[in-house]
Amino acid sequence: MEAASWDPRGVTSRAYTDEWAYRVTNALAWGYDWLHDQLTEDERALVRAALLARTRDIAEHAIVNAKIHLFPYDSHAVRSVSLTLVPACVALLGDDEADEARGWLDYCIDFLFTVYSPWGDSDGGWAEGTNYWMMGMAYLIDAANRLKSFAGLDLYQRPFFQKTGDFPLFCKAPDTRRATFGDDSTMGELPGIKTGLNMRQFAGATGNGAYQWYCNENLRLNPGTEGAFYNWGWWDTAFDELTFRTDFPSVEATPPEGGMRHFTGIGWVGVQHRMDDPQQHIQLVFKSSRFGSLSHSHGDQNAFCLSAFGEDLAIQSGHYVAFNSTMHQAWRRQTISKNAVLINGKGQYAGRNKALQMKSTGQILAAEQREDHIYIRGDATPAYALETPEVTRVEREIYFFNNSFLVFVDSIDAESPVEIDWRLHANQPYQLGKTSFRNSGEKAGFYGEVIWSESGAPTLSQETGFPGVDPVEIEGLPVSTCLTARFGQARHHRIVTLLVPYRRNDPRRIFHFVDDQGYDADLYFTDASENSFKVVVKKLAGTSL
């Protein structure tokens with residue numbers, strides 16, 4: 001009754017701050033539904049009027065102003081459909097205002113069964129990243145469960161929902177923290193508990209035991225975080241437990257299969273090796289996306305992240321302290337915080353112009369599981385060309401050999417000479433050699449070396465900190481270190497880099513040599529078991545195996 005007395009156009013209105021408006025409207029919807037028989041008619045009228053006014057405000061914004069059926073990339077307006085409009089409209093049906101609410105509900109159902117999800121396709125990916133997958137799916141699951149029980153409409157049968165559990169499974173394993181992309185409110189902690197509970201829901205809906213395994217691992221590794229700011233007030237885990245046990249069968253957990261998933265609709269590739277064994281686990285995530293730097297995506301086309309043996313190694317740098325903070329705008333969204341290249345000191349467009357964000361794109365040209373390695377190739381030329389129009393080609397190839405080590409081939413061409421910064425971020429400082437580097441964590445480490453460069457040897461340097469960020473925003477938070485390998489000006493760059501992860505108690509060595517006397521550069525690699533691998537780089541022309 002107190003919430004119903006608040007001004008729908010006041011400080012809890014959608015126009016003032018939509019997150020508050022969504023939650024007040026939700027509270028009124030659930031309260032009106034659950035307490036209906038205990039309220040007097042006058043009390044019902046007061047609550048109903050407030051609920052109707054707030055629902056109308058949110059619905060008209062999504063349908064008329066944001067027009068999410070035409071431009072479905074307004075993250076908050078899209079979220080309002082499942083988070084608020086579905087339960088509010090269901091609660092209002094049966095009253096005098098049912099015709100208006102029925103129209104909004106029909107719109108929501110049409111949207112969820114056709115346009116949704118704007119951030120992915122039948123592969124199940126979510127372009128905003130795993131953290132916003134957690135949030136989007138949390139509210140979608142609630143709406144799907146309401147529609148299923150209230151109207152017999154089963155959203156879970158759509159192909160997207162049958163596969164979307166693969167996205168966190170392959171792009172943010174339960175033991176990883178900073179080894180993935182996008183805004184992430186857990187601030188470097190393990191995946192939020194709602195990620196695991198979402199996965200349990202999809203296990204029940206699909207029968208996939210690997211999703212249940214993820215849930216079990218998530219809850220095992222991350223207990224006691226219900227009170228963390230990114231959980232408390234957002235989710236009710238006890239209610240999750242109640243509704244799951246009521247609506248879905250329990251599924252037996254099964255260890256996840258390793259390998260590669262290419263989420264073609266969003267331009268992500270997730271690679272997992274022995275996820276069920278922390279002593280053997282390696283995660284690689286690569287991105288080159290048609291969604292550019294829109295919404296919660298960043299200027300990170302052709303970037304990668306790496307986690308191995310229970311520790312994040314090549315990380316996404318920075319902290320998601322607040323949307324549009326200096327940390328967010330000057331560092332976190334920018335290419336400077338990614339494991340990617342800068343061209344003449346510039347990255348990809350990641351400013352606030354949405355039209356340019358949508359043009360700052362990349363594309364995955366190949367993602368293949370071959371006999372003894374995984375091969376990935378991405379093209380980020382459009383993303384870089386917005387800031388450096390003289391570039392004509394920016395491609396990166398990754399060879400992940402024998403689930404053991406990685407070889408990167410970066411190919412940059414331009415109409416005039418350009419300087420290249422090859423950047424790599426880690427949680428702690430590096431040991432630097434002339435063309436090699438090493439980084440050691442608590443459980444694992446990695447070493448790397450620039451094997452070959454057509455434009456000459458690089459100059460290596462490192463910097464700890466976040467230049468351009470207000471220090472007040474990150475007070476008390478961990479600070480990462482960036483390695484930069486700088487290559488002098490040239491019109492054509494071909495850069496080959498070796499990266500070898502290892503357990504601290506089990507270092508490994510990859511032997512290599514180069515034969516570059518012809519038009520090609522032949523690079524040979526041999527591991528400790530005498531397995532041999534070869535990469536061929538075509539000078540000034542391209543790369544092939």
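**View 1. The salt bridge between glutamate 368 and arginine 370.** The side chains of glutamate 368 and arginine 370 meet in a salt bridge, with 2.9 Å from N to O; a salt bridge here is a side-chain nitrogen of Lys or Arg within 4 Å of a carboxyl oxygen of Asp or Glu. Glutamate 368 is partly exposed, at a relative accessible area of 33%, and arginine 370 is likewise partly exposed, at 27% (buried means under 20% relative accessible area, exposed over 50%, and partly exposed in between, with a 1.4 Å probe and protein chains only). The model is predicted, so that local features need pLDDT of at least 70 and side-chain atom pairs count only at pLDDT 80 or more, while totals for chains, interfaces and linings use all residues. Residues are numbered from 1 along each chain as its sequence is written, and side-chain values use heavy atoms, leaving out hydrogens and water.

**View 2. The salt bridge between arginine 44 and glutamate 41 in helix H2.** In this pair, the side chains of arginine 44 and glutamate 41 form a salt bridge of 3.4 Å, N to O. The two residues are separated by about one helical turn, because they lie three residues apart in helix H2 (residues 41-65); helices (H or I, at least four residues) and strands (E, at least two) are DSSP runs, numbered from the N terminus. Arginine 44 is buried, with a relative accessible area of 18%, whereas glutamate 41 counts as partly exposed at 45% relative accessibility.

**View 3. Lysine 194 and aspartate 240, joined by a salt bridge.** The closest N and O atoms of lysine 194 and aspartate 240 are 2.6 Å apart in this salt bridge. The pair links distant parts of the chain, since lysine 194 belongs to helix H8 and aspartate 240 to helix H10 (residues 237-247), 46 residues apart. Lysine 194 is buried, with a relative accessible area of 6%, and aspartate 240 is buried as well, at 10%.

View 4. When its neighbours within four places in sequence are left aside, threonine 195 is in contact with Trp133, Met134, Pro168 and Tyr214, where contact means heavy atoms within 4.5 Å.

**View 5. A network of salt bridges.** Arg377, Arg393, Glu395, Asp413 and Arg494 are linked in a network of salt bridges, and the structure as a whole holds 25 salt bridges.
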